[in-house]
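Here are a few friendly notes to read with the model open beside you.

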There are 4 protein chains.
Amino acid sequence: MKIGVLCSGGDAPGMNACLRSVVRAAVSDGHSVVGIRHGYQGLLDEHFYGDESTGKAAPVMSARSVSHISERGGTILSSSRCQQFRSDNGVRMAVSMLDRHHFDALIPIGGDGTFRGAAALSKAWSGQVIGCPGTIDNDLIGTDFTIGFATAVQTAVDCIDKLRDTAESHSRLFLVEVMGRHSGHLALYTALAASAEIACVPEVAVIAAKVSVRVQLLKSLGKHSIIVVVAEGNREGGALALQEKLKESDCPYDTRAVILGHVQRGGSPTPADRILATRLGDFAVRSLAGGTSGMMAGQQNGRCVLVPFEETFSKHKPLPEHQIELLDRMSC
Amino acid sequence: MKIGVLCSGGDAPGMNACLRSVVRAAVSDGHSVVGIRHGYQGLLDEHFYGDESTGKAAPVMSARSVSHISERGGTILSSSRCQQFRSDNGVRMAVSMLDRHHFDALIPIGGDGTFRGAAALSKAWSGQVIGCPGTIDNDLIGTDFTIGFATAVQTAVDCIDKLRDTAESHSRLFLVEVMGRHSGHLALYTALAASAEIACVPEVAVIAAKVSVRVQLLKSLGKHSIIVVVAEGNREGGALALQEKLKESDCPYDTRAVILGHVQRGGSPTPADRILATRLGDFAVRSLAGGTSGMMAGQQNGRCVLVPFEETFSKHKPLPEHQIELLDRMSC
Amino acid sequence: MKIGVLCSGGDAPGMNACLRSVVRAAVSDGHSVVGIRHGYQGLLDEHFYGDESTGKAAPVMSARSVSHISERGGTILSSSRCQQFRSDNGVRMAVSMLDRHHFDALIPIGGDGTFRGAAALSKAWSGQVIGCPGTIDNDLIGTDFTIGFATAVQTAVDCIDKLRDTAESHSRLFLVEVMGRHSGHLALYTALAASAEIACVPEVAVIAAKVSVRVQLLKSLGKHSIIVVVAEGNREGGALALQEKLKESDCPYDTRAVILGHVQRGGSPTPADRILATRLGDFAVRSLAGGTSGMMAGQQNGRCVLVPFEETFSKHKPLPEHQIELLDRMSC
Amino acid sequence: MKIGVLCSGGDAPGMNACLRSVVRAAVSDGHSVVGIRHGYQGLLDEHFYGDESTGKAAPVMSARSVSHISERGGTILSSSRCQQFRSDNGVRMAVSMLDRHHFDALIPIGGDGTFRGAAALSKAWSGQVIGCPGTIDNDLIGTDFTIGFATAVQTAVDCIDKLRDTAESHSRLFLVEVMGRHSGHLALYTALAASAEIACVPEVAVIAAKVSVRVQLLKSLGKHSIIVVVAEGNREGGALALQEKLKESDCPYDTRAVILGHVQRGGSPTPADRILATRLGDFAVRSLAGGTSGMMAGQQNGRCVLVPFEETFSKHKPLPEHQIELLDRMSC
């Protein structure tokens, strides 16, 4: 079997560990793997990993070619967002490229955008398509966690641990904006792990006035400093917008806003992300044997599962309610 | 309700986060919490947190007294192993102390030794005893992970990432010994996350000769360096013993042994450990309302559960078989 | 001798290590130390470390009271910027408070603002004032490095290492803004250590057009990604302003701006900062014996020196020219 | 000019940053650089970086070939200790290889063993030899710090910060062994930065009895835990030997020994090491223009200097006396 593998959309820590796993599992099972660069765009452009000296030929990746990449952030394949691929024509071109290079299967690693493309492709193409969930947003249904999420939480928590030092030294309130346009998973987990006092997530209509009341209460409890974690897609705006509103309402703390930004995407993946990535990459390759296609390889309650692409992105992945309540109980 | 809380046995990262959670949850629910220092020993000695100026009186811990401790390793309560408490007499004395200070409940945080004591105590005492699993060994049945395990894996993986640099620079084989006298969980997860080639765990009778054959094979595959993770309770001995045996068998690599030791116990807990500790501490306090006793608060498949103490330590917690196989498939 | 110690201005990692050193050196030399909270403000308010139960009394800090604080960011004394103290009247009040509590000496830890106040105070007061340079800006003349600078560089470099992962994965240019309103030390050292391609510092009039030309050249050399480190006080504006200008000039890379912000102030100090802080705190206490006042304790070429306060802030501390040139030679 | 570069002896973090600097500086100055693998051994074997497809030909390293290696530990060139090169015959062979490949200059990166070889080579060969000090031991005279030392201190301090958690939780004394067979620099700096109570270094005849007395004193001062940093070349043996002796003398603390081992060699270099490595690599290349040979490029008091190889290793580099005294003053 000849398997193509690509990373698409925003990069996530663990993509390299997943790639290594796909290559090594394929070698173990007697398949060959070709790395496609820059996501779907590289497929349309026939741009393959290691083709610098071979031109449009698609070199097979050896087990050695993925040595010591699991511990590195980003993706050695490079990633991109591909406009062209969103059209029917783009999908048709992709199919023709996959056939021209005699691929039997494709393993795209990415988030909801990647899987939308993968769903379209798997309908149009005779080969098998099995995806791995690589995104720091943890917004895909069908897997408890996505690859990269744990590392992004770790990075955000490390930053907040540092901010707490300066917050305590100056009795300040920090509004810390983390990624998450539509999903509050990253904000909520970060808040809980960093002992933040408040989390503002897109899923819950927390208005600034309510935050303000809560802050007053926390002040009365003797808190020297406050950390508010704000998802970028928060309904009343990000950290800067919320800061303006808090100032208007006589906030009893000196306030500062910090936008963590792209720092959250990088870094060496945590052990949890490396293991998840390794397991799902391996499972994706194993699943090819059964002829499966159009599915994401996910992990639920410790077990590997296959979930149709459409299910992964068609609904909003709910936040764990008990964590919202737990965060409240802890900030007393 | 008046709740006592203590940490017992080897310390584990996350114990402080669990303590904070117990105190804050109790404050939320209208209970009062007293911290007992140095584990069961401190109970026998009537040694309480914050009693420096109050003598044998048992000061109630305020919500503020546990501010900013979640991110710190170790335990502010101090821990110990208590010989005296293992006898019937010790348990009787503990009961009398609990009664003298009018405790209604006790929340011990620790591992299997701690829970053996807790089981005895819950039979002898009229109050409630609910435990939280705090140990880096992950060897307790009834919870998917114990508090501290994820951080110990992180620390071991960080060390091996560093060792890989020097292993690659000198084409060496490193035998890295991690903690685990009877349990290979730490060794196996570390090996998988650190892209180690081989794991030697107490559960599997890996003889040195077999390791040697495997190393020869890996050499033939072109590996520049090899990492073997060895649990201290490995059947043919730890890293040093295994190194001797490998040398006898004409190992094709220059070998070095490293014993990670107590470094694995410390450090700021990972987000996963902080969240787990927070959740279980809170759940332990909530469970008191139902009159429950003699149980450990654990987490299984994302849900909080109560498990009788005896179940947690009476059998050996099996290793995830699929991970052993996965490690093998990846080292090709 | 009765010594007061305070932290003033923006907090810097290593302030705690310096405080510990002052207390321990004083204990060694038979002096007593009182910690003043919230900088000069706390002096005016008679707010001392550990006075929660003693009211306005000024408790002496024991050697034990500073155990295990060297490794923690921020300052356990708390810091602040004090408007009142900038007036003659404020200084007079401070003198009267110092006398009322029978202080013989004051050791303020902080940056240029702190030393301006210290200079005024040392003229108005009969006691001795010796300062320690605690600021992440490294903008004080008379010491090779200030306490906190090395840690801020470390934090910024760690962040850029993470950003490089995602920059490489997407072939992007990142504009990374670091602190430094008037001084480019942090930006320059960070750029050099992080292998950034370009640094924009307040000291050099780098216009956007020039950056743009340089970026075009780097693109032609085959660079996949570019990191531009921008000091917040850069003449053409910070990272966001520069991003706008680069976009106008047809930048060949997709660009992103990241503002590191207050994360740079926190974190466990690096070994270099802990040692520098320890050495200068000790030297400040030793220097009291000679009757010296009105001076900063600094380190030059590995030796401890005393420098009059006025000299430390009256001129701009020049950037190391050779590093600017070195950065240029490296980005080829 | 055609320059050879190699890494020899124990690897040190920052060797890659130094290599990058040599290559980039050479590109800037119009020279060409060839990487020699595995130290002097690779020179004898004509084993060059990137020669996998070219056989014995020596491919020139491009500026791009050293992208993004500064942040990685170890050395991409690989290192080794070469017995053969220690003989006159080995040196003659090396000269003949350097001539066969038309080298004009050689830049060896390494420690005292490397420089002994370099001294011999520079006498026997007509080309220029300028070395860069790459060793975690900081035992070379003529440079304030060697490349890799700061990172090794950081790693050791990080480990001790973790050990302190568990030491405090259990009221223990930890004997922590760091590298340093003949030199106590690493032990002393680590001890000072980690707030250790005692350092045992090869330079000072600290007998166990004296340590024991000191420990008794510290106990009486109320210390909950003790950290003793022991250089491996300590006169009364390493951490394990010292532990035995302390036990015999009725140590008032429960004791544990930890040998940090090769973990100290790896890891991403600190900013200080990256900058030092970059500066010295550049300076070595620049110095070639003057016809210099037989010298090490070092840094003293912030300036780059050239020091004859023989001077760098012929005497013992003394410990900073004031740090020994400072450590004593701080542990009170």
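Which residues in helix 6 of chain B meet which residues in helix 11 of chain B?

1. From helix 6 of chain B come B:Leu188, B:Tyr189, B:Ala191 and B:Leu192, and they meet B:Gln323, B:Ile324, B:Leu326 and B:Leu327 in helix 11 of chain B. By class, this contact has seven nonpolar residues, one polar and no charged. Contact here means heavy atoms within 4.5 Å, and helices (H or I, at least four residues) and strands (E, at least two) are DSSP runs, numbered from the N terminus. Ala, Val, Leu, Ile, Met, Phe, Trp, Tyr, Cys and Pro count as nonpolar, Asp, Glu, Lys and Arg as charged, and the others, Gly among them, as polar.

2. A word on the source: this is a predicted model, in which local features need pLDDT of at least 70 and side-chain atom pairs count only at pLDDT 80 or more, while totals for chains, interfaces and linings use all residues. Residues are numbered from 1 along each chain as its sequence is written, chains are lettered from A and ligands numbered from 1 in the order in which they are written, and side-chain values use heavy atoms, with hydrogens and water left out.

3. Back to the helix pair: the axes of helix 6 and helix 11 of chain B (lines fitted to C-alpha atoms over the stretch in contact, with angles from 0 to 180 degrees between N-to-C directions) come within 10 Å and cross at roughly 35°.

4. Next, chains B and A. In this interface, 45 residues of chain B are in contact with 45 residues of chain A. About 3800 Å² is buried between the two chains, 52% of it on carbon and sulfur atoms; buried area is the accessible area (1.4 Å probe) that two parts lose on being put together, summed over both.

5. The rule finds eight salt bridges across the interface of chain B and chain A, each a side-chain nitrogen of Lys or Arg within 4 Å of a carboxyl oxygen of Asp or Glu. A:Arg286 forms a salt bridge with B:Glu325, with the closest N and O atoms 3.0 Å apart. On the side of chain B that touches chain A, the residues divide into 15 nonpolar, 15 polar and 15 charged.

6. Finally, chains C and A. Here 32 residues of chain C are in contact with 32 residues of chain A, and about 2200 Å² is buried, 55% of it on carbon and sulfur atoms. The count of salt bridges between chain C and chain A is zero. Helix 5 of chain C gives the largest share of the side that touches chain A, nine residues.
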